[in-house]
Amino acid sequence: MLLVKKKNYSFYTILFALILLFSCSQSFLSSALLHPLEHHSVNSEHAKNKKNTNDGQQVILVMACNYYDEMSVPYANRWPPCSYLRLSHAADIYQTREAKIIVAGGKFGNWPSAYSRYAREFLERHNVKSEDIIEVPIGYDTESEIQGIVKNITLSSLTLVTSASHMLRASSYLKFCGVSINAAPTDFLVKPKIVLKLNLPDPKNLTIIKRALHEYFGLVEFKLKRRFGLLSKYC
């Protein structure tokens, strides 16, 4: 309100806001923010791992995302892209090896059942045997979800399936608990090579920036909790 009273300051404030909005709607800025996460070294082995489909990994962990409990829409439309791609990728990997698939996630949405129950149904629809699915109906975010898994299932190594931008944060919690991972990233939002050019403003770039900031803040939270001993009883 103080800025509005002064016309000069008001003009420059609005101008700065418009420039910031235009910049955030450009693909080069959103790509620059998300690229270090999606193409981090933790994901760099996924091409090699994909070639070796019989590497002894017996457990596949699929991180939860979201679900829309709306029966009036087709089944596929009840799953946002992050959930659909993660579960589909896990089902594809399952077809190449004998493995158990862990699906976690509690009732963090307005649903009658836990997320893990819906994830089980999805996998069964994609030809995964019911006896090969392990449900852990615990957790409402990355930290609580992984804690529920490591406290209920003894694991030494696993294949981790999640969005590429989420892989670093999820693997950090698992490695903290002594679990070695074989990264199987999916749901890539930016290309491997960043191109510096102007485009028409696109609101999807704001969504990409939002995801990048969410992951960066999550990583900072993890490092601070680890640094100050707040995860001493986590595993």
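Reply: A disulfide here is a pair of cysteine sulfur atoms within 2.5 Å. The model is predicted. A search of the whole structure finds two such links.

Take Cys-177 and Cys-235. Their sulfur atoms lie 2.0 Å apart, and they form a disulfide. The torsion about the S-S bond is about -85°, so this disulfide is left-handed. Cys-177 sits in the loop between α8 (167-176) and β5, while Cys-235 sits in the segment after α9 (204-227), so the pair ties together parts that are 58 residues apart in sequence. Cys-235 is partly exposed, at a relative accessible area of 42%.

Now the other link. Cys-65 is joined to Cys-82, with an S to S distance of 1.7 Å. This bond is left-handed too, at -70° about S-S. Cys-65 belongs to the loop between β1 and α5 (81-94), and Cys-82 to helix α5; the pair therefore ties together parts 17 residues apart in sequence. Cys-65 counts as partly exposed, at 22% relative accessibility. Cys-82 counts as buried, at 10%.

Number the bonded cysteines in sequence order and the pairing reads 1-2, 3-4.

The sheet gives the setting. Five strands form an open sheet in the order β3-β2-β1-β4-β5, with parallel pairing. β3 (133-136) and β5 (180-186) are at the edges with a single partner strand each, so one side of each has no neighbour in the sheet. Strand β1 (residues 59-62) pairs with strand β2 (residues 100-104) in the parallel sense, over four bridges. Leu-61 has Ile-102 in β2 as its bridge partner.

Terms used:
Residues numbered from 1 in each chain as written. Predicted model: local features only at pLDDT ≥ 70, side-chain atom pairs only at ≥ 80, totals over all residues. Heavy atoms only, no water. Pairing = 2+ DSSP bridges. Helix = DSSP H or I, 4+ residues; strand = E, 2+ residues; numbered from the N terminus. Buried < 20%, exposed > 50% of the residue type's maximum accessible area, 1.4 Å probe, protein only.
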